[in-house]
Amino acid sequence: MKHNKLVALFLSLICFTPVHADEGMWLPMLLDKYNIKDMQQKGFMLTASDIYDVNKTSMKDAVVQFGGGCTGGIISNSGLLLTNHHCGNSQIQRHSSVKNDYLKNGFWAMKQSEELTNPGLTATFIIRMEDVTNQVLQNVLPGMSENQRDSVAKTAMSAITKTAKANNHYDAFVRSFNFGNQYILFVTEVFKDVRLVGAPPTSIGKFGGVTDNWMWPRQTGDFALFRIYAGADNKPADYAADNKPFVPRYSFPLSLKGVVEGDFTLVYGFPGRTNSYLPAVAVDQILNLSDPARVAMRAIRLDAMESAMKLSDEVRIQYAAKQATVSNAYKKWIGEMNGLNKCDAVNQKREKERAFNVWAAKPENSAKGYDKLLDAYTKIYKELAVYQTANDHINEAVFGME
């Protein structure tokens, strides 16, 4: 596996072969232009339009954003949704009590009438995506301050969103990519009646706990099943007893054949963002300033939670989701530090920056100010360090209190 840390914003592709794996961040709407030939050479047997197509059904119609940030896949024609156990952990916890401890014992609805409702939980489909960079930036003029540019962009984004939502039941939003150099419109369909169907006990769904989290391979049954319900017209509707299981445009078929070494693997979802292009000084601050402080503070919070959770089943149930959320980032940051140290990331960045400075010193590049860029970054990040430390302590030690 390559050492560079790339986290996909919407679609990540990992091609496992006996010798290496490729990884990166790609938007599904751009696969046909940039990636599909390489994917097919590595064993992908479908087309780009099989993944994303606005004119016919495709994989995008079976991939949902589950809740605020997880990913789910539709696996039946009756709206059955498969996601991670940790993604459904909050819902499982809310339905649990000392008498009916679904966290400890698991939960399975034997029929649809036994499926459990979850107010506030949503499942969001991407209907289409569109590059609206030109529309957003058309009134941005040379010489504008960052505040002026931001204000103009936000006004344009608001107008684009309003137009996309007019005369339909869809939602819409515009997101900035590549640090404000690209803007993408997302038109979405948001379902608000999502019910818990089944989940294994925590001993299976969270097997290995913090120790195994973020590790590979991981021996855990990290899954949960939900079902999307819709109104009589198969469109999103608030919860009602007579809502019907949603009939999706596409659902993923399940194979019982298993996998073999060399199989092409596609990961499609909503994992977050990438920080791959940070300068060396910023990576150094993450490694030696921010991550160690956040890990130390979360260790104190986790010790307090876990000691109380061991003494009372009621407290264990009430704090299960909070403990999982706190521990997830805690372990991630530990792994982040280990990974950055293991691949000597700061010095790798510095080596690339030395090569950049050689290029930037050429007269034609120096005239555009590129030779001053990295020094400016270093100055800004050094000034930022004190505020970053304060921000980390406020988030972890102040906002983390109850």
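# A first look at a predicted chain

L81 sits in strand β4, which covers residues 80-83; helices (H or I, at least four residues) and strands (E, at least two) are DSSP runs, numbered from the N terminus. This is a predicted model, in which local features need pLDDT of at least 70, side-chain atom pairs count only at pLDDT 80 or more, and totals for chains, interfaces and linings use all residues. Residues are numbered from 1 along each chain as its sequence is written, and side-chain values use heavy atoms, with hydrogens and water left out.

**Around L81**

- L81 counts as buried, because its relative accessibility is 0%; buried means under 20% relative accessible area, exposed over 50%, and partly exposed in between (1.4 Å probe, protein chains only).
- Setting aside neighbours within four places in sequence, L81 is in contact with V64, F66, G72, G73, I74, A123, A224, L225, F226 and I228, where contact means heavy atoms within 4.5 Å.
- L81 and F252 are 171 residues apart along the chain, yet their C-alpha atoms are separated by 10.0 Å.

**The nonpolar cores**

- A nonpolar core is a set of buried Ala, Val, Leu, Ile, Met, Phe, Trp, Tyr and Cys residues joined through side-chain atoms within 4.5 Å.
- The largest one has 26 residues, and those touching the most other members are F66, I74, L81, F125, F226 and I228.
- Two or more residues of this core come from each of β2 (63-66), α5 (102-105), β6 (123-131), β9 (193-199), β10 (224-230) and α11 (313-342).
- β10 gives the largest share of this core, with 4 residues.
- Not counting residues up to four places away in sequence, I228 touches I74, G79, L81, A123, F125, F191, D193, K244, P245 and F246.
- A second, separate core has 19 residues, including L287, V326, Y330 and Y381.

**Helix α7, side by side**

- Helix α7 (residues 146-165) has 20 residues and spans 28 Å from its first C-alpha to its last, close to the 28 Å expected; the expected span is 1.5 Å times one less than the number of residues.
- In α7, the residues A153, A156, M157, I160, T161 and A164 are buried.
- They lie on the same side of α7, because they cover an arc of only 140° around the axis; that arc is taken from the directions from the helix axis to the C-beta atoms.
- The other side of α7 has the exposed residues N147, K154, T155, K162 and T163.
- Packing against the buried residues of α7 are α6 (133-137), β7 (171-177) and β8 (182-191).
- N167 follows α7 and has a positive phi, near 60°.

**A buried loop residue**

- N35 is found in the loop between α1 (31-34) and α2 (36-41).
- N35 counts as buried, because its relative accessibility is 9%.
- Beyond its neighbours within four places in sequence, N35 is in contact with W26 and L30.

**The whole chain**

- The chain contains 14 helices and 12 strands.
- Its radius of gyration is 24 Å, close to the 21 Å that the globule rule gives for 402 residues, so the chain is as compact as a globular protein of that length; the radius is taken over C-alpha atoms, and the rule is 2.2 Å times the number of residues to the power 0.38.
- Along the principal axes, the C-alpha atoms of the chain fill a box of roughly 75 × 55 × 45 Å.
- Of the 402 residues in the chain, 40% are buried.
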